[in-house]
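Please consult the sequence and the coordinates alongside the text.

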Amino acid sequence: MLISLGCIFLAWWALQNLKLDLIIRHPQSPQGKMLHVLLAIVLGHFVANFVLDYIGWSQLLKMGF
């Protein structure tokens, strides 16, 4: 759970440099802010899944040798 929250926070931090005004009309509106949060959650979820899978795979490699 902490890895997921950490990855969502990192995704939100990284998305701060994304120019949403090129994609949506009013990036400072509530809808624009909600889109920013949802993008951070989705991106953070995928990154957290990768990190957890990587940890699991590395644990399996230990058993193989």
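## Basis of the report

The structure is a predicted model.

## Packing of helix 1 against helix 2

Two packed helices are described by the angle between their axes and the distance between the axes. Helix 1 covers residues 2-14 and helix 2 covers residues 30-64; their axes come within 7 Å and cross at roughly 135°. Because angles over 145 degrees count as roughly antiparallel and those from 65 to 115 as roughly perpendicular, helix 1 and helix 2 are classed as oblique to each other. The crossing of helix 1 past helix 2 is right-handed.

On the side of helix 1, the contact is formed by Ile 3, Ser 4, Cys 7, Ile 8, Ala 11 and Trp 12. Helix 2 contributes His 36, Ala 40, Ile 41, Leu 43, Gly 44, His 45, Val 47, Ala 48, Val 51, Leu 52 and Ile 55. Sorted by class, this contact of helix 1 with helix 2 comprises 13 nonpolar and four polar residues, with no charged residues.

Helix 2 has 35 residues, which at 1.5 Å a residue should span 51 Å. The C-alpha atoms at its ends are 51 Å apart, in agreement with that expectation.

Which residues of helix 2 are buried? They are Gly 32, His 36, Ala 40, Gly 44 and Ala 48. Helix 1 is included in what covers these buried residues of helix 2.

## Individual residues of helix 2

His 36 lies in helix 2. Its relative accessible area is 11%, and His 36 is therefore buried, the cut-off for burial being under 20%. Not counting residues up to four places away in sequence, His 36 touches Trp 12, Leu 15, Gln 16 and Leu 20.

Eleven residues along the chain separate His 45 from Met 34, and their C-alpha atoms are 16 Å apart.

Val 42 has its place in helix 2 and counts as partly exposed at 44% relative accessibility. Val 42 and Leu 52 are ten residues apart in sequence, with a C-alpha to C-alpha separation of 15 Å.

How values were computed:
Residues are numbered from 1 along each chain as its sequence is written. This is a predicted model: local features need pLDDT of at least 70, side-chain atom pairs count only at pLDDT 80 or more; totals for chains, interfaces and linings use all residues. Side-chain values use heavy atoms; hydrogens and water are left out. Axes are lines fitted to C-alpha atoms, for helices over the stretch in contact, and angles run from 0 to 180 degrees between N-to-C directions. Helices (H or I, at least four residues) and strands (E, at least two) are DSSP runs, numbered from the N terminus. Angles under 35 degrees count as roughly parallel, over 145 as roughly antiparallel, 65 to 115 as roughly perpendicular and the rest as oblique. A crossing is left-handed if the near helix is turned anticlockwise from the far one by less than a right angle, and right-handed if clockwise. Contact means heavy atoms within 4.5 Å. Ala, Val, Leu, Ile, Met, Phe, Trp, Tyr, Cys and Pro count as nonpolar, Asp, Glu, Lys and Arg as charged, and the others, Gly among them, as polar. The expected span of a helix is 1.5 Å times one less than its number of residues. Buried means under 20% relative accessible area, exposed over 50%, partly exposed in between (1.4 Å probe, protein chains only).
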